[in-house]
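Thanks for coming. Please have a look at the model first.

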Amino acid sequence: MEERLTILVGTMTGTAQLVAEEVADALKAQGVAADIQVMDGLTAAVFAPGGAFLICSSTYGQGDVPDNAQRLFADLEQKKPDLSRIVYGVIALGDRTYAQTFCFGGKRFDALLQSLGARRIGEIMLHDASAGTIPEEVAVEWIGPWLDQFREARDEAA
Ligand SMILES: Cc1cc2nc3c(=O)[nH]c(=O)nc-3n(C[C@H](O)[C@H](O)[C@H](O)COP(=O)(O)O)c2cc1C
């Protein structure tokens with residue numbers, strides 16, 4: 001069976017989109033089809049088919065999800081769909097200059113999805129824009145071990 005997952009992108013200035021594209025390429029090289037969807041206009045219905053997702057989101061405002069993610073986030077909060085058929089990973093982009101709200105965009109998605117019954121695979125990837133590391137490089141390194149854990153979880157479930 002072909003492996004596939006959907007990468008949902010929350011971004012203000014495009015970094016998370018770039019990260020998603022590089023991660024999708026790395027996944028394709030491992031035989032996984034990754035479909036990138038920017039969050040603009042998405043609703044909770046995006047999770048209805050079930051399956052595997054990567055949330056790739058930056059952080060804005062007072063630790064908020066980016067503007068293009070607000071609708072999806074609010075719709076999930078309001079409709080509270082049962083996401084127990086969903087597994088997911090989180091790539092959270094932020095900046096430690098915002099010490100009180102570091103990477104809260106991705107962390108808030110994580111807390112919300114868990115509260116709706118979804119199962120997170122692996123640890124959240126946290127990228128600090130002040131660290132001098134390139135987010136897409138960090139993400140491509142992170143995705144290899146994540147994919148191993150994803151496959152282990154899938155084999156356990158089979
Ligand atoms: C106005 C503004 C507010 C931000 N607020 C936060 C924040 O509260 N917490 C955090 O960790 N990063 C914060 N950031 C950093 C961004 O999340 C980070 O630079 C990210 O890499 C941007 O990704 P994007 O281009 O995909 O939007 C903020 C950046 C800006 C410009």
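Leaving aside neighbours within four places in sequence, which residues is Ile55 in contact with? They are Leu8, Tyr88, Val90, Ile91, Gly106 and Phe109, where contact means C-beta atoms, placed from the backbone, within 7 Å.

Before I go on, the ground rules. This is a predicted model, in which local features need pLDDT of at least 70 and side-chain atom pairs count only at pLDDT 80 or more, while totals for chains, interfaces and linings use all residues. Residues are numbered from 1 along each chain as its sequence is written.

Ile55 is among the residues with the most contacts inside the largest nonpolar core, which has 44 residues. A nonpolar core here is a set of buried Ala, Val, Leu, Ile, Met, Phe, Trp, Tyr and Cys residues joined through C-beta atoms within 7 Å. Buried means 20 or more other C-beta atoms within 10 Å of the residue's own, exposed means 12 or fewer, and partly exposed is in between, with C-beta atoms placed from the backbone. Strand 4 gives the largest share of this core, seven residues. Helices (H or I, at least four residues) and strands (E, at least two) are DSSP runs, numbered from the N terminus.

Next, Ser57, which lies in strand 3, residues 51–57. Is Ser57 buried or exposed? Ser57 is buried, because 33 other C-beta atoms lie within 10 Å. Its C-alpha atom is separated by 5.8 Å from that of Val9, 48 residues apart along the chain.

Now helix 3. It has twelve residues and reaches 16 Å from its first C-alpha to its last, close to the 16 Å expected at 1.5 Å a residue; the expected span is 1.5 Å times one less than the number of residues. Its buried residues include Phe104, Gly106 and Phe109, and the buried residues of this helix pack against strand 1, strand 3, strand 4 and strand 5. Gly117 follows helix 3 and has a positive phi, near 100°.

Two residues other than glycine also need a look. Cys103, in the loop between strand 4 and helix 3, has a positive phi of about 60°. Cys103 counts as buried because it has 25 C-beta neighbours inside 10 Å. Lys80, in the loop between helix 2 and strand 4, has a phi near 45°. With 13 C-beta neighbours inside 10 Å, Lys80 counts as partly exposed.

Last, the ligand. It is surrounded by 20 residues, and the closest are Thr11, Thr15, Ser58, Gly94 and Tyr98; a residue is near a molecule if its C-beta atom, placed from the backbone, lies within 6 Å of it.

Notes: Contact = placed C-beta atoms within 7 Å.
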